[in-house]
Amino acid sequence: MGAFRNPVVSGFFPDPSVCRVGQDYYLATSSFEYVPGVPILHSRDLVHWRQIGNALGEEQLGFGPRVPASGGVYAPTLRHHDGLFWLITTNLSGGGTVIVTATDPAGPWSDPVRVPGITGIDPDLAWDAEGNCWCTFAGIKQARIDPKTGETLETPRRIWSGTPGVQFPEAPHLYRIGEWWYLLIAEGGTERGHGVSIARGPRPDGPFEPCPANPILTHRSTGRPIQNTGHGDLIRAHDGTWWLLFLGVRPRGGGPGYHVLGRETFLAPVTWADGWPVIGDVAPVTEGPTLPAAPWPESGDEERDDFTGPRLHPRWIQPRVATARLDVREGWLTVPEGGFAGRRQTHLSCRVQTRADAEPGAAGGLMVRLDERHWYGVHVDGDQVVAEARIGPLRQVLGIHRRPPGPVLLTVAIDAAGPDPDSPTDSPDLVRLGLVADDEFVSLAELDGRYLSTEVAGGFTGRVIGLSALRGTVHFDWFSYTGSDA
């Protein structure tokens with residue numbers, strides 16, 4: 001395959017879990033307050049991924065308006081066992097630990113089976129040769145369960161605490177490899193101190209001895225361009241090579257460094273020495289698997305949504321409740337008051353446009369959203385087009401332009417800033433909000449992108465760019481997204 005670019009799944013796709021069936025690979029990640037939940041991606045070479053569905057629909061999640069930002073669904077584990085795909089995750093805002101199954105990872109998925117005896121986040125599933133199902137979760141605790149009924153068969157007990165003195169042992173994954181059971185965990189928190197450690201034992205429940213080289217992956221206290229490396233899942237490719245899929249971020253701008261796309265999914269090679277995994281180089285350009293490259297054919301729908309089908313593409317997500325509709329005006333997406341529907345920002349630089357038609361008295365348009373308290377937007381509002389920003393408790397109008405006749409062509413342009421070591425207060429990117437009037441782009445506001453970063457807003461998500469209705473009902477004819485990491 002040669003070299004590939006990291007991340008292999010860019011944008012807000014954190015906490016990856018991967019499984020292989022034959023020569024196909026499937027990946028699940030966290031989704032938090034957004035519906036549908038838990039995106040499912042497919043690859044044939046571990047490098048090129050495409051989203052094929054979501055494991056949890058709005059009805060299965062049962063979110064209400066009070067679900068907080070970065071609440072909802074936390075890290076999943078995806079496994080294939082006995083002819084079924086099994087996905088276990090934690091719905092902090094309804095249901096606790098749940099398991100869903102499917103014969104096809106693209107769906108449909110079953111209704112959730114609750115596992116009330118498992119009370120921690122980041123649950124994992126592993127089966128031994130006798131058919132016992134072991135559930136290990138953050139803590140690090142473990143119990144045998146019946147995954148079909150959700151019954152916990154014993155009291156969970158702590159089996160390993162990770163590196164002494166290091167906080168947040170979590171994200172466990174348990175594997176039988178050769179003669180040993182390996183227990184992979186994340187620790188140090190999902191910020192700059194994040195890392196991956198591993199232990200092994202003779203049985204699924206231990207006792208576990210830690211690897212003498214722990215942590216086997218961390219970028220803490222380094223100047224590497226990829227940071228927060230942790231929360232990984234091991235996978236053996238169909239050519240016999242080993243790999244680790246894990247989360248990381250790409251901070252940019254001045255100190256402390258701002259990551260705006262969220263936690264992304266990266267890939268690193270794994271070799272084995274003295275019975276322990278050794279993680280290879282993690283870099284923006286890395287030597288690829290020996291598998292034949294299998295990029296997905298370009299279909300055109302990656303860049304443009306015309307809203308002509310019966311349902312939205314799986315990449316479209318909405319916070320808490322899905323209110324956007326395709327059946328109000330043919331070929332348009334209709335967003336009611338307070339609604340938002342968007343897709344993850346997946347490139348450091350991008351251009352987004354839409355054609356918006358607000359009903360009388362309504363206001364809405366394009367929004368770059370981190371959460372409801374941190375967003376930039378350009379909206380049609382009466383006879384005006386308005387650019388505004390919300391940063392915490394502050395909300396301000398930044399520019400106004402006369403509304404052109406008919407539906408309005410709105411634009412968001414995001415340009416990544418180049419590195420400048422002599423400017424410690426540099427922004428990570430520049431966000432421009434505007435419209436097209438008389439065939440010319442009119443910029444209404446230029447904003448420092450750091451205020452839509454995790455370092456400012458907090459939480460666990462990343463930017464989502466999409467269509468909003470601040471007041472009344474707004475219709476959207478199409479939505480286009482083009483991006484680049486150059």
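This is a predicted model: local features need pLDDT of at least 70, side-chain atom pairs count only at pLDDT 80 or more; totals for chains, interfaces and linings use all residues.

Student: Which strands does E30 pair with?

Tutor: Helices (H or I, at least four residues) and strands (E, at least two) are DSSP runs numbered from the N terminus, and two strands pair if DSSP finds at least two bridges between them. Here, E30 is joined to strand E39 (residues 474–484) by nine bridges, and the two run antiparallel; Ser349 stands opposite Ser484 in E39. Seven bridges link E30 to strand E35 (residues 408–416), also in an antiparallel arrangement, with Arg355 opposite Leu409 in E35.

Student: Why is strand E30 described as largely enclosed?

Tutor: Buried means under 20% relative accessible area, exposed over 50%, and partly exposed in between (1.4 Å probe, protein chains only). Seven of the ten residues of E30 (residues 349–358) are buried, so the rest of the structure largely encloses this strand.

Student: What backbone geometry deserves attention?

Tutor: Most residues other than glycine have a negative phi, and most peptide bonds are trans. In this model, the peptide bond from Asn6 to Pro7 is cis, with omega near 0 degrees, and Pro7 lies in the loop between strand E1 (3–5) and strand E2 (17–21). The bond from Gly139 to Ile140 is also cis, with omega near 5 degrees; Ile140 belongs to the loop between strand E12 (133–137) and E13.

Student: Is Asn228, with its positive phi, buried or exposed?

Tutor: Asn228 has a positive phi of about 60 degrees although it is not a glycine. Its place is in strand E21 (residues 227–236), and Asn228 is buried, with a relative accessible area of 2%. Phe307 has a positive phi of about 60 degrees as well, and Phe307 is buried at 6% relative accessible area.

Student: How many aromatic pairs are there?

Tutor: Rings of Phe, Tyr and Trp (its six-membered ring) pair if their centres lie within 6.5 Å; planes under 30 degrees apart count as stacked, over 60 as edge-to-face and the rest as tilted. By this rule the count is 13 aromatic pairs. In one of them, the ring centres of Tyr74 and Phe460 are 6.0 Å apart and the planes lie at 75 degrees, so the pair is edge-to-face. Tyr74 is buried, with a relative accessible area of 16%, whereas Phe460 is partly exposed at 28%. The rings of Phe246 and Phe266 have centres 6.0 Å apart and planes at 25 degrees, so this pair is stacked.

Student: Where does Thr149 lie, and what does it contact?

Tutor: Thr149 is in the loop between strand E13 (141–146) and strand E14 (151–152). Contact means heavy atoms within 4.5 Å; leaving aside neighbours within four places in sequence, Thr149 is in contact with Val113 and Arg114. The side chain of Thr149 also reaches the backbone nitrogen of Glu151 at 3.2 Å.

Conventions. Residues are numbered from 1 along each chain as its sequence is written. Side-chain values use heavy atoms; hydrogens and water are left out. A polar contact is a pair of N or O atoms within 3.5 Å; within protein, one must be able to donate a hydrogen and the other to accept it, and residues adjacent in sequence count only if both atoms are side-chain atoms.
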